[in-house]
Each structure stands twice: as C-alpha cells, then as structure tokens.
Amino acid sequence: MPKIFELDQHVADLIAAGEVVSRPASAVKELLENSIDSGASIITVEISSGGMTYIRVTDNGCGIAPEDAQTAFLRHATSKLRDAQGLESIGTLGFRGEALAAIAAVSRIELLTRAQGADEGISLTLEAGEVVDMSPAGCPEGTTIIVRDLFFNTPARLKFMKSDRAEGSSISSVVLKTALSRPDVSIRFIKDGKTEYHTPGDSRVDSCIYSLLGREIEAGFISAESSDETVSVEGFVSLPESARGNRSYQFFFVNGRVVRSLLLQSALEQAYKNRLQTGRFPSCVLYITTKANNVDVNVHPAKTEVKFISDKQIFDGVYYAALGALEKSQNFNPSESIEHNLPKEILRTSTFNSNENNANFGTSSSYKAPSGRGSAGKGGGFKVMQADEFRNSHISEYTRSFGSKDNQTKSPGPHSYTEPSNKQSSYQPKVDSRNSLSPVSSNKNTPANSATTPIHDTFRVIGEALNVYIIVEHKGSVWFIDKHAAHERLHFDALKSTSYDPMSESLLTPVVCRIGHEDASLLLEQADFLETLGFSVESFGEDAVAIRHIPSEIDISDTESVLSDLCLQLKQSGIAEPAQRDSIFKVIACKAAIKAGRSSDINELESLASNVISGDVSQCPHGRPVIFEMTKATLDKGFGRI
Ligand code: ADP
Ligand code: MG
C-alpha cells in the first residue's frame, strides 16, 4: 500500500494557484476585482506581451496597512469575510482570500501601497510566494501591484498558454466586462503601451458603453428596466435591427458581478422570439440586483457562474425588462408573438406555467404581463412540436438507424431553444439560381456538384415540413433530412476541398463593418487568407473595415456577422493555420446554409436530398445528424398494423 504524506506547503500552493489563476486573464480579473473592492474610483490596468511578462494594476482605493501587507499574500487571508454567516451575504467581489497567494506563488510580484490617510507606504517584493524585500516607500494613496513573469516556475502550465495575442485579447475582454460592470469607476486599459479603453467613471451606463463598445453599439441600444420585490433589472438591450451574428455583446451583471448564465441568456432571447432571423442574437448590458442571499456566488472558482435561489424570478426580471423595452420602441403587439416557453433544461428547479405566471404578474408585481397565447394544454390531443423538439426527440431513432457515433447524438446545443422558428420569419423568399442545383453549383471544380441523376430515380421528395425538414420516400422508408445541416455540410466539404476556387461577388457599394479596433486590425492582418475565401478587406478608419467582395454563398446582410464570427475563431485559434481552417470554414458554411435555407423550391430540395442520399453527407460540420430514417416497420408499429 502506498504511504500517505501531507503535501508540502509549496506544492499545495502551486496546485491551488492553478485553480485560481489558470491564465493571465484570470490574474488580471482578480487584481482588478481587488481594486474595485478597495473602493477605488480610478483604476489603470497595463499589460505587455499578453500579460505573460508584465501586468500592472494601479488604484486609488483604501490601500493596505504596512502590517497587513505580508498577510494579504497568505492563503485564505482576506479582509472581506469573517465567518460562515458572512458567506451568505457577500457584498464584495472577492472573499476567498486566495487570489494574491495564488498569483504570488507563480510569479514575481511588486506591491506598492499606502493606506488612505497614512503618512507612508510600503513596498513588498515577492518571488514564487516568498517575500524577498520589504521596505517603507513614498507613494500615492492606493495600491499598485506589478506581476512579472507569470508561471515562470510552472513550466507545465506555461505550455498551455496560447499566443500573446490570444492571452491579450482574453485580458482585454476581462477588463472590458469589469469596466462595464462599474460605470462609476474610471478604468483605463493599456495594452503594449497603447490605451485600448478608458471609461469616464461618471456613473452613466450609456457613456460607459460608448467608450467600451463604440458608438454603433451604443446607438443600437434602448433602455430596459423592470423590478419587483426581489429582483430589479436595468440597463440596455439592442433593437432587433441591431442584432448580431453572435452573442459576444450579451453582458449580464448580478449584484455587480460579471456572470455567464444560460438562464439569463435564454430569458433575453425569449423576449426577441419571432423578432430575429435565425442566427441573429440580441445584445445587452443588464444589471440585475437582488438580495445577496438570493444568489450563491460560491459555486465556481472564478465566481463567473452563479446559482440563483429562484430561477423563475430572475428569468422573469430579464425577460420582462427586455420585452418591455422592445414593445415600447416598436409599438409591438404582444398577442401576436409571445409564447412564454421556458426551456426545461434551464429551469430545472422551477415549476412554470404561463397561466400562473400571468396571474402573478397581474396582481403582485410591477412587471407587465404579456397577454400572449398560452402554449400548453390547449388544442385537444395534438402536440405541436417545434423544430428543435422534433430534432431532439428523433435523434435516438437516427442513432439506431445509422449506428452513429457519440457526437452525433449530442443535443443541438444551448442556442437551440432560442432559435426563432422560421415559420413566422420575415424573410422574403429569395430564389438564387446558383443555389438551386447544389449549394456549390456555381463552382465547377467542387466535388459536391456531382449529384448523380440515377439516384434521383430511387427516391421521391414528398415535400418540406416546418421549413426545416425535407421528407423523402426512399428504399421503403420515410427519411427526414435537416435542410440546413445538409447544406452546411456540403458547403463545408466544398470549402475544404483543395480545388476550391471561391466565387466572389463584387459589391457595388462596399459594406463598412464597424467591428472595433481589435477585430479590424485582426482582419487586416489576415486579409490574404480571407481573400482565399472570397472576401476582400480594406482598412476604413481606426475601428472599421470596408468589404468590397464577399463569397457568393454569403448574403450581403450577413457580411458583418460572418466577419465577427471569423474574428472570434481567429482569436481562439491564434492564426489561420491550415489545421485551424476547419473552424473558419464552419462559420462560412453555416452562414451560406442559412442563406440557402430561407426558401426552397422543389429543385433545391431534390438536389439536397440527392446529395445526402447518395451517401456524401451524414453529419453537419458540428456533428449533428443530417438525416434519419423512419422505417415502414416503425410506422406500421405506430399505427398498430404489426
Ligand atoms: P480576497 O479578495 O478574496 O479577500 P485576495 O487574495 O484577492 O483575497 O486579497 C487579500 C486581501 O488583500 C484582501 O482581502 C484585501 O484586504 C487586500 N487587498 C488586495 N488587493 C488590494 C487592493 N488593491 N487594495 C486594498 N487592499 C487589497
Ligand atoms: Mg481578491
């Protein structure tokens, strides 16, 4: 039997450090939160080489008394929590007393601090958690912490670091979110000697948004608010016409803390149901306030995920804030569109029923209840299925028929319940002859173009259901094909093929995409690569690019969303190495498929079915199934024939 030893303190600290500071961005987040907790009104964050060699955070907060300076770097040393009771009503961002110890364990630190009202400050130098120097110092009131050579003593962790660019952009995003969380604090972010953001700290949300997200985003926002006795929500949500191709501008803050939450995301997107095209997402900056003991912030080491005591109240708060804002701005008739379908997978703990909801809001709450149709319990014995429900409920059938691998049975992902159904979409049918034979028919070199007629004789397209599924009779079975997924797959294969020769569409007037300084310079850096995909990108001022050509498969109105998705991928993969191109192709394939999926004539349905049935296509690039079979036996069984 192996002997059991207690780990030595240093090793234990290194392990603990890995949980709290996994990347430079997590160190910056902790330091910035400490500065906010210190009551500072002005904070500067400066980094070099993605934060790997240098991070400095300076604040004008309360400072640290000389006698406490060393203690602050001990594990579980905190001034913010005394006892277990306190844990239920945490008002500060930090409370675990781990961050400084963790950062110190894996870097070289200089601390310079002077407590408010003290005559003198103190300077402390640490290396790998050990104090190497401590001396009195003259410095302004407040605290400066400089972190150098992060992870210098943990080579294994160093290997996990991405490029300086990728780490730098994660930091930039952390600072942005934190700055957005506190419009009352002026935050400056300097990256490699250049100021990236500088918020005024005048407590105005709009000016904070303007300085962090830019004029365009700010102009597309409308104010939103709601409150009841337990939850209040205020901030801004985007007008439907300012929706984006991704969720990167959805910001939620709960009691001043930046949080990621599917619940909140879903509440927001439900309010836009039937107002957005598939693949478009609302943006928001929403501040949610609730009693500290309604939220458990102690469920995630970086405290970015929270648990709510009452999911339903929080959901409703966000939902009605957004809905109210939209109705006000658009004079929208709620009875036409609101079906308050709470996603089951999100509201595990709540029992929700739309009638009960209406009753509640009619009496005890200041939220305005929508007079929408209830979604449950009406209409006799029929069960009306949404497209995604249908997809989910039949995946097992697919798996059985095709013996698919694990990843094919994955549910469609968190966005699935927010996708507005195409049924009521405002798309105008747009038949594009280039797309009517095969998704890549404009390109003679592509393999997907080889739809063979003989196969056509073996199947019969019955039609299309729900604007999503092609129904085909073939080999004595009924087959369902996910039109979008099939299209996406065919495009993806075409893009990947070595003989791919992009067809570009020349735009009469260039499309100007105001995507912010960082994304604009990223796209310009990658202009040559983007050209191989059919985009031509030119500089257009500091924070924008002008696009003169787009791949012909992409709709002009999708240009900006495709480019911002590409930026996201480029940031994640660092550089467009051939090995990383798949993720980029997926973005384009997906957008092209959306374009093609808006309306389908019979030729298009037949062409897609032919490509799928000929065996070229069984999964979309994201691994979702493209086709499933309902055998005659299954049908017969369902009807009690066998
Ligand atoms: P926590 O924030 O969870 O308390 P930390 O390890 O981040 O733990 O910090 C330890 C303590 O050091 C804090 O509780 C606080 O008293 C002090 N401290 C850290 N940073 C600052 C700062 N910028 N200004 C004032 N005090 C600070
Ligand atoms: Mg802290």
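This is a predicted model: local features need pLDDT of at least 70, side-chain atom pairs count only at pLDDT 80 or more; totals for chains, interfaces and linings use all residues.

Let me start with Lys632, which forms a salt bridge with Asp636, the closest N and O atoms being 3.0 Å apart; a salt bridge here is a side-chain nitrogen of Lys or Arg within 4 Å of a carboxyl oxygen of Asp or Glu. Both residues belong to helix α20 (residues 632-638), and because they are 4 residues apart there, about one helical turn separates them. Helices (H or I, at least four residues) and strands (E, at least two) are DSSP runs, numbered from the N terminus.

Residues are numbered from 1 along each chain as its sequence is written, chains are lettered from A and ligands numbered from 1 in the order in which they are written, and side-chain values use heavy atoms, with hydrogens and water left out.

By the rule I gave, the count comes to 17 salt bridges. One of them joins the side chains of Arg108 and Glu127 at 3.5 Å, N to O; Arg108 lies in strand β3 (residues 108-114) and Glu127 in strand β4, so the pair ties together parts that are 19 residues apart in sequence. Arg108 also meets Asp149 in a salt bridge, at 2.7 Å, N to O, and this pair links distant parts of the chain, since Asp149 sits in the loop between β6 (142-148) and α5 (155-158), 41 residues apart from Arg108.

Glu127 is partly exposed at 34%, and so is Asp149, at 28%.

Strand β4 (residues 121-127) pairs with strand β5 (residues 130-137) in the antiparallel sense over 7 bridges, pairing requiring that DSSP finds at least two bridges between the strands. Leu126 stands opposite Val131 in β5, and in the hairpin, which has 2 residues between the strands, Ala128 takes a positive phi near 45°.

Finally, a positive phi near 70° is found at Asn274, a residue other than glycine, which lies in the loop between α9 (262-271) and β13 (284-290) and is partly exposed, with a relative accessible area of 23%.

Note on methods:
Buried means under 20% relative accessible area, exposed over 50%, partly exposed in between (1.4 Å probe, protein chains only).
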